[in-house]
Amino acid sequence: MRVRGSRVAVVGGSVAGCATALAAARAGAGEVVVYERAAGGLQDRGVGLAVHDDRYAELAAAGHLGPDVPWRRLTRRPWIVRDGGAPAGRAVGVLPFPFRSYNWGSLWRELRAGLPASVGYVQGAAVERVLPGPDGAALRFADGRTERFDLVVGADGYRSAVRAATRAATVPAYAGYLAWRGTLPVELLPGPHDAWPEHDAATVVFPGGHMIVYRIPGPGGRGTSANWVFYTAPPASVGPALRDATSLPAGTVTDELVSHHAAVVEERFPPYWQEVVRRTPRSGTYVQPIYDLAVPHYGEGRLVLAGDAAAVARPHSGSGAVKALQDAAVLERVLREEPDLDAAVRAYDAERSPTGRAVVGVGRRLGRAQVQATPDWAAMDQEAVDTWWRTAADGGRGFGGQALTGPRE
């Protein structure tokens, strides 16, 4: 069956879901419906993300990331250690950082607004089971009803119901550490204001972890916020509870974990960066256990996977949103070019599966270098940082995402 006239369901309505729904509609699907579990809007998710300049150029050319989404320019990444004589610490080295930073909520809002009126977007629709068939798949919802589609796109995140319906049915594995995320308006930053140059992705490093901080557009594209992500292992008593894929939303983080986080900040961070963390409102923070997953196949039968439903890469790779938007761009192309849906699924799988594995590999490599097997940062200088980046981080190969024009292992 060709895509024209087909019924396509997209499970999950965030960045990957909106992008793949647009891809299916532009490729000529007869009906496209997005099913989002959450009943409310997603635009309030104000965390930051960064897109490498090269990946932006590819996505813009493919029509999957336009210039209207608010962004901020990033150019450098200084690596900073605590130094008793320097309130903002001492930079042991600086690496190029050619990225554009975004607010997740603003990106989602633009993608959602860009969907044609013909695309259905149903909120509060929890898909509990996916039932594959020889020429399509059925979705079973929490309210008991069932809907059949010719093609189902799983864009429902790291606990994907669509992925669970595939033969592999793989699940994410806990990496052994956490990311503590926070955002605050730049007006709340401590002085002096020249302690953190505007275009820097400052990286505070210490044994067993680091914190990267960069500016992003504020909520709704208004103003500017500071976005920080702090990686380190939790206390041993917390680790076992995180082995199954889970999350720690606001209000559920234990006092033990909060105290551990505060102690690491107090012991390891320069005073200026301690104050940045302290001034972040509690409502602007959350904890993300780090998992990763590389599926053997992005496509099977009439099911395809996109975004974190397909490959969960550690955030160090700098490619989460990029990967989802690339998935959409490739899906649109194969739906246009291949003679039928079955051939399109095979072509999508052949192109995106190796790319997903490569991105996950980059995240693991950077996780080891920056969290799990950190060097003696305080003893390093620019030459040592350059050498470390070439060896432990493979020179940043694949950092910011794989090229859209072809997968690389």
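1. A125 sits in the loop that joins β6 (120-123) to β7 (127-133), where strands (E, at least two residues) and helices (H or I, at least four residues) are DSSP runs numbered from the N terminus. With a relative accessibility of 7%, A125 counts as buried, a word that stands for under 20% relative accessible area, while exposed stands for over 50% and partly exposed for what lies in between (1.4 Å probe, protein chains only). Its contacts, meaning heavy atoms within 4.5 Å, are with Y35, E36, R37 and F141 once neighbours within four places in sequence are left aside. The C-alpha atoms of A125 and D143 lie 8.6 Å apart, although 18 residues separate the two in sequence.

2. Some ground rules belong here: the model is predicted, so that local features need pLDDT of at least 70 and side-chain atom pairs count only at pLDDT 80 or more, whereas totals for chains, interfaces and linings use all residues. Numbering runs from 1 along each chain as its sequence is written, and side-chain values use heavy atoms, with hydrogens and water left out.

3. L139 belongs to strand β8 (residues 136-141) and, at 0% relative accessibility, counts as buried. Apart from its neighbours within four places in sequence, L139 is in contact with A9, V11, Y35, V127, R129, V130, R145, T146, E147, F149 and V152.

4. For L335, residues up to four places away in sequence being set aside, the partners are V3, A24, A27, L151, L341 and A344.

5. How do α7 and α8 pack, in terms of axis distance and crossing angle? The axes of α7 (residues 320-337) and α8 (residues 341-372) come within 9 Å of each other and cross at roughly 155°, an axis being a line fitted to C-alpha atoms over the stretch in contact and the angle running from 0 to 180 degrees between N-to-C directions. The two helices are therefore roughly antiparallel to each other, given that angles over 145 degrees are classed in this way, those under 35 as roughly parallel, those from 65 to 115 as roughly perpendicular and the rest as oblique.

6. On the α7 side of this contact are K323, Q326, D327, V330, L331, R333, V334 and L335, which meet L341, A344, A347, Y348, E351, R352 and V359 of α8. By class, the residues of the contact divide into nine nonpolar, one polar and five charged, where Ala, Val, Leu, Ile, Met, Phe, Trp, Tyr, Cys and Pro count as nonpolar, Asp, Glu, Lys and Arg as charged, and the others, Gly among them, as polar.

7. Some backbone details deserve a look in the viewer. The peptide bond from G191 to P192 is cis, with omega near -5°, and P192 lies in the loop between β11 (173-185) and β12 (202-206). A169, in the loop between α4 (161-164) and β11, has a positive phi of about 50° without being a glycine, and its relative accessible area of 34% makes it partly exposed. D394, in the segment after α9 (382-391), likewise is not a glycine and has a positive phi, near 55°; with a relative accessible area of 27%, D394 is partly exposed.
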